[in-house]
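The following note was prepared for a colleague who wishes to examine the fold and packing of this chain. Comments are arranged as numbered points.

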Amino acid sequence: MKKSAWLFMLGLVAFVGLMESCKKDDDAPMVTKMSLYDSLGGSAMVNDPANAGMKIEQGRLGIRSVVDSAIFVIAGDAKINGFFTVLLAEVTTGNTSGFERLSKNLTDFICVATGGKSFTYGGLNMKDAHDPVKNPRMNGKASNADFDAFIADLVVAAKKNGLSDQLIGQVGALVETLRPVVVQKS
């Protein structure tokens, strides 16, 4: 009798355990979709190679690296570097404040646009940023061909920084959404 009571209790415990595991669990963690920012490195803190002793989110570091590379690629691209004569003149004389401000603004913008939670973008909206009347640092209005050249330069910069074709495609799709406000010349 003791053996059958023991088996009954063991069976009851197993049955209750099975029923508990099958019931709907309202406290189960929600599966969240990874943001593009997470795919670009996310919020893990790493050493900032540009600022000794400082930490930076890995996603921001990756984005900043691509942004800085893109600025240099654009500077060498005769098709579109004419839009940045003010910046290029400053850098030629050793004044990097405009470069640093552009790098920070673009990095902030992309961090926010890709889902980074720790940042805000405080620059001009994209329409005003690309309108020489509202932004005297911009030398002319961009056409579709200029925007295409920018995207090509961005791809070169992204590849230089080791982004996969899949990530480049996702970033490119995001950048493409800006075409209607950036392109202001037929």
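1. Overall makeup. The model under discussion is predicted. Its chain holds nine helices and two strands, and from the N terminus the order of elements is α-α-β-β-α-α-α-α-α-α-α. Of the 186 residues, 32% count as buried. Among contacts between residues at least 6 apart in sequence, 59% join residues at least 24 apart.

2. The nonpolar core. The largest nonpolar core comprises 32 residues, and Leu-40, Ile-63, Val-66 and Leu-163 have the most contacts inside it. At least two residues of this core are supplied by each of helix H2 (36-39), H3, helix H5 (97-113), helix H6 (126-129), H7 and helix H8 (165-176). H3 provides the largest share, six residues. As a general remark, nonpolar side chains in soluble globular proteins tend to be buried together.

3. H3 against H7. Helix H3 (residues 58-75) and helix H7 (residues 144-160) have axes that come within 8 Å and cross at roughly 130°. H3 is therefore oblique to H7, and their crossing is right-handed. From H3 the contact draws on Val-66, Ser-69, Ala-70, Val-73 and Ile-74, while H7 contributes Phe-150, Asp-153, Leu-154, Val-156, Ala-157, Ala-158 and Lys-160. By class, the residues of this contact are nine nonpolar, one polar and two charged.

4. Val-66 as a link. Val-66 belongs both to the residues with the most contacts inside the largest core and to the H3 side of the contact with H7. Which residues does Val-66 touch, not counting residues up to four places away in sequence? They are Leu-154, Ala-157, Ala-158, Asn-161 and Leu-163. Among these, Leu-154, Ala-157 and Ala-158 take part in the H3–H7 contact from H7, and Leu-163 is another of the residues with the most contacts inside the core.

5. H7 against H8. The axes of H7 and H8 come within 11 Å and cross at roughly 150°. Angles over 145 degrees count as roughly antiparallel, and H7 and H8 are therefore described as roughly antiparallel to each other. This crossing, too, is right-handed. H7 takes part through Phe-147, Phe-150, Ile-151, Leu-154, Val-155, Ala-158 and Lys-159, and H8 through Asp-165, Ile-168, Val-175 and Glu-176. The contact of H7 with H8 divides into eight nonpolar, no polar and three charged residues.

6. H4 against H5. Helix H4 (residues 85-92) packs with H5 at an angle of about 130°, the axes being 8 Å apart; H4 is therefore oblique to H5. The residues involved are Leu-87, Glu-90 and Val-91 of H4, together with Gly-98, Phe-99 and Leu-102 of H5. They divide into four nonpolar, one polar and one charged.

7. Leu-40. Leu-40 is found in the loop between H2 and strand E1 (45-47). Is Leu-40 buried or exposed? Its relative accessible area is 14%, so Leu-40 counts as buried. Leaving aside neighbours within four places in sequence, Leu-40 is in contact with Gln-58, Gly-59, Ile-63, Thr-114, Leu-163, Leu-167 and Val-171. Gln-58 lies 18 residues from Leu-40 along the chain, with 7.7 Å between their C-alpha atoms. Two of the partners, Ile-63 and Leu-163, are listed with Leu-40 among the residues with the most contacts inside the core.

8. Asp-48. Asp-48 lies in the loop between E1 and strand E2 (55-57). With a relative accessible area of 6%, this charged residue is buried. Apart from neighbours within four places in sequence, Asp-48 is in contact with Met-54, Lys-55, Ile-56, Leu-61 and Arg-64. Asp-48 and Leu-61 are 13 residues apart in sequence and 7.2 Å apart in space, C-alpha to C-alpha.

9. Ser-103. Ser-103 lies in helix H5 and is buried, with a relative accessible area of 6%. Not counting residues up to four places away in sequence, Ser-103 touches Arg-64, Val-67, Asp-68 and Ile-71.

Terms used. Residues are numbered from 1 along each chain as its sequence is written. This is a predicted model: local features need pLDDT of at least 70, side-chain atom pairs count only at pLDDT 80 or more; totals for chains, interfaces and linings use all residues. Side-chain values use heavy atoms; hydrogens and water are left out. Axes are lines fitted to C-alpha atoms, for helices over the stretch in contact, and angles run from 0 to 180 degrees between N-to-C directions. Helices (H or I, at least four residues) and strands (E, at least two) are DSSP runs, numbered from the N terminus. Angles under 35 degrees count as roughly parallel, over 145 as roughly antiparallel, 65 to 115 as roughly perpendicular and the rest as oblique. A crossing is left-handed if the near helix is turned anticlockwise from the far one by less than a right angle, and right-handed if clockwise. Contact means heavy atoms within 4.5 Å. A nonpolar core is a set of buried Ala, Val, Leu, Ile, Met, Phe, Trp, Tyr and Cys residues joined through side-chain atoms within 4.5 Å. Buried means under 20% relative accessible area, exposed over 50%, partly exposed in between (1.4 Å probe, protein chains only).
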